[in-house]
Amino acid sequence: MLAATVRVTRDLDTAEEAVQDAYVQALTTWARDGVPTRPGAWLTTAARNNALNVLRRRQTLVTKLPLLLEPETTEAPEPDTIPDDRLRLIFTCCHPALAPEARIALTLRLVCGVATADIARAFLVAEPTMAARLTRAKKKIAAARIPYTVPSAADLPERVDTVLTVLHLLYTTGHTARSGEDLVLDELTGRALDLARLLRLLLPDDREAAGLLALLLVHHARRATRTDAHGRLLRLDEQDRSRWDTASISEADRLVVAALTAGAPGRFTLQAAIAALHAQAPSYDETDWPQILKLYDTLLRVWPTPVVALNRAVAVSMVDGPEAALAEVEALEHDGRLAGYHYLLATKADLLRRLGRDAEAANAYQAALAISDNSAEREFLAERVKETS
Amino acid sequence: MTQYLLSIYQPDGPAPSPEFLEPIMRDLKAFQRELRATGAWVFSGGLHEPSTATVVRAKNDEVLMTDGPFTEGKEHLGGFTIIDVADLDTALKWGRQLAAATTLPVEVRPFHDESPR
């Protein structure tokens with residue numbers, strides 16, 4: 001509804017007000033006349049008419065007339081233009097000219113309708129800070145004339161990747177365990193998943209959109225076992241696989257297979273394939289590591305980042321042994337780009353532990369602990385320090 | 001249509017060698033040609049180095065003049081192009097092409113809409 005109204009106003013604030021007014025109007029009119037047969041269409045038409053009235057009052061209509069007005073202003077909007085508008089809104093909120101934190105905040109606020117206060121809490125900033133971030137982003141969209149469109153076919157792959165990155169970040173923000181914030185975080189993961197489904201619906205031929213949905217489905221399938229009853233982080237080998245949602249994993253697998261056979265896989269499809277392989281192993285010991293390593297080889301080619309290299313090193317340790325993996329991890333340490341990334345040190349520590357080099361392992365766990373800011377992970381690392389000291 | 005300023009920032013120091021500049025000048029000329037062909041070109045120009053600048057300041061009834069640029073930094077404004085296009089995506093396409101041609105960062109910034117209502 002907001003999306004259809006933005007099409008009229010080209011101004012997000014005016015659109016938001018028009019939508020809110022439409023809800024208020026609905027309360028009084030529907031109480032009196034009953035709920036209409038197509039309430040969605042009624043609300044959308046009311047919002048658009050509110051927006052048009054505001055524009056007339058501002059007399060900006062005169063200059064913007066050719067751009068804004070659709071011929072059928074009094075009819076209810078066609079059902080198939082509504083998904084189109086939501087897609088436009090998603091692409092606008094995720095425009096690469098906006099700062100990454102702004103993209104994710106704007107998507108939550110405008111596409112998902114999450115309250116500013118809740119967004120602020122999820123990202124651990126003060127509410128006025130988040131409100132200012134949103135205002136700045138909306139100002140930039142208006143002043144710099146970020147167009148309210150679905151990108152052209154030529155630009156689509158790059159732009160879809162930006163949207164998928166935002167949705168993935170949205171999910172992982174909600175996914176990372178933090179004490180006392182569970183309610184807000186569950187909402188974030190749920191919304192990220194909903195948006196991933198919506199994107200798949202609106203872009204049925206996009207293989208990466210399918211890949212992202214599959215990836216989130218696998219994460220979501222395993223969420224019951226991520227931590228134990230005390231909030232302690234559980235490793236993959238400790239998780240009770242009987243509590244994983246097999247229906248979601250099957251759906252993810254179908255999406256992955258379809259995406260892989262349809263063409264050269266992108267980074268989200270590959271990450272989903274790796275996650276699905278992990279999720280389908282009946283036990284940790286039966287994990288198909290050689291196949292996972294092959295997928296990481298491809299992922300590293302397609303997405304050559306140090307984090308991917310690190311995750312690949314873990315697979316190397318399971319296929320070629322911890323010694324070979326340690327060489328790769330030490331090379332990454334030397335490279336310097338992962339300085340301050342505690343998983344690098346935690347992985348190195350784990351490899352040293354497996355090689356029986358306990359003293360060095362303890363040092364590395366200690367170093368990882370020093371830079372980790374996640375309470376569940378800190379507990380886990382502290383335990384490891386004790387074990388290896 | 002909105003006007004955008006495409007500003008080129010270059011590092012201070014001596015000018016690069018002619019061999020280095022030759023492909024850049026070639027790509028820049030191609031950029032200008034294409035821009036003008038679409039009708040999006042409004043104005044463009046390269047600036048002399050910052051030491052050729054003068055800063056003028058008005059204070060009460062006095063006008064103060066200082067030799068040199070307004071800000072001293074490690075980079076300075078080397079030149080700019082003004083374009084008139086439909087939206088930011090179009091402006092960014094030209095900005096990208098200019099950045100690729102010059103091998104320098106290009107800032108793409110919208111002008112206020114000063115057209116009469």
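How many residues does helix α11 of chain A have, and how far does the helix reach from its first C-alpha to its last? The legends below start there. This is a predicted model, in which local features need pLDDT of at least 70, side-chain atom pairs count only at pLDDT 80 or more, and totals for chains, interfaces and linings use all residues. Residues are numbered from 1 along each chain as its sequence is written, while chains are lettered from A and ligands numbered from 1 in the order in which they are written.

**View 1. Helix α11 of chain A, from end to end.** Helix α11 covers residues 207-221 of chain A, has 15 residues and reaches 21 Å. That is close to the 21 Å expected at 1.5 Å a residue, where the expected span is 1.5 Å times one less than the number of residues. Helices here are DSSP runs of H or I with at least four residues, strands are runs of E with at least two, and both are numbered from the N terminus. Because 15 of the 15 residues of α11(A) are buried, the helix is largely enclosed by the rest of the structure. Buried means that 20 or more other C-beta atoms lie within 10 Å of a residue's own, exposed means 12 or fewer, and partly exposed is in between, with C-beta atoms placed from the backbone.

**View 2. The largest nonpolar core.** This core has 116 residues, and Leu167(A), Ala214(A), Val218(A), Ala272(A) and Ala276(A) touch the most other members. A nonpolar core is a set of buried Ala, Val, Leu, Ile, Met, Phe, Trp, Tyr and Cys residues joined through C-beta atoms within 7 Å. Helix α11(A) supplies the largest share of this core, ten residues. Leaving aside residues up to four places away in sequence, Leu167(A) touches Ala192(A), Leu195(A), Ala196(A) and Leu212(A); two residues are in contact if their C-beta atoms, placed from the backbone, lie within 7 Å.

**View 3. Confidence along chain A.** The pLDDT, the predictor's confidence in each residue from 0 to 100, averages 85 in chain A, and 90% of the residues score at least 70. Over residues 61-80 of chain A the pLDDT stays under 50, and the model has 13 contacts beyond four places in sequence for them.

**View 4. Leu124 of chain A, in a loop.** Look between α7 (116-122) and α8 (127-143) of chain A to find the loop that holds Leu124(A). Leu124(A) is not a glycine, yet it has a positive phi of about 55 degrees. Most residues other than glycine have a negative phi. Leu124(A) is exposed, with 9 other C-beta atoms within 10 Å.

**View 5. Thr103 of chain B, another loop residue.** Thr103(B) sits in the loop between α2 (88-102) and β6 (106-110) of chain B. Its phi is positive, about 60 degrees, although Thr103(B) is not a glycine. Thr103(B) counts as exposed, with 12 C-beta neighbours inside 10 Å.

**View 6. Where chain B meets chain A.** Seven residues of chain B are in contact with seven residues of chain A. On the side of chain B that touches chain A, α2(B) gives the most, with three residues. Chain B has two helices and six strands, which run β-α-β-β-β-β-α-β from the N terminus on, whereas chain A has 19 helices and zero strands.
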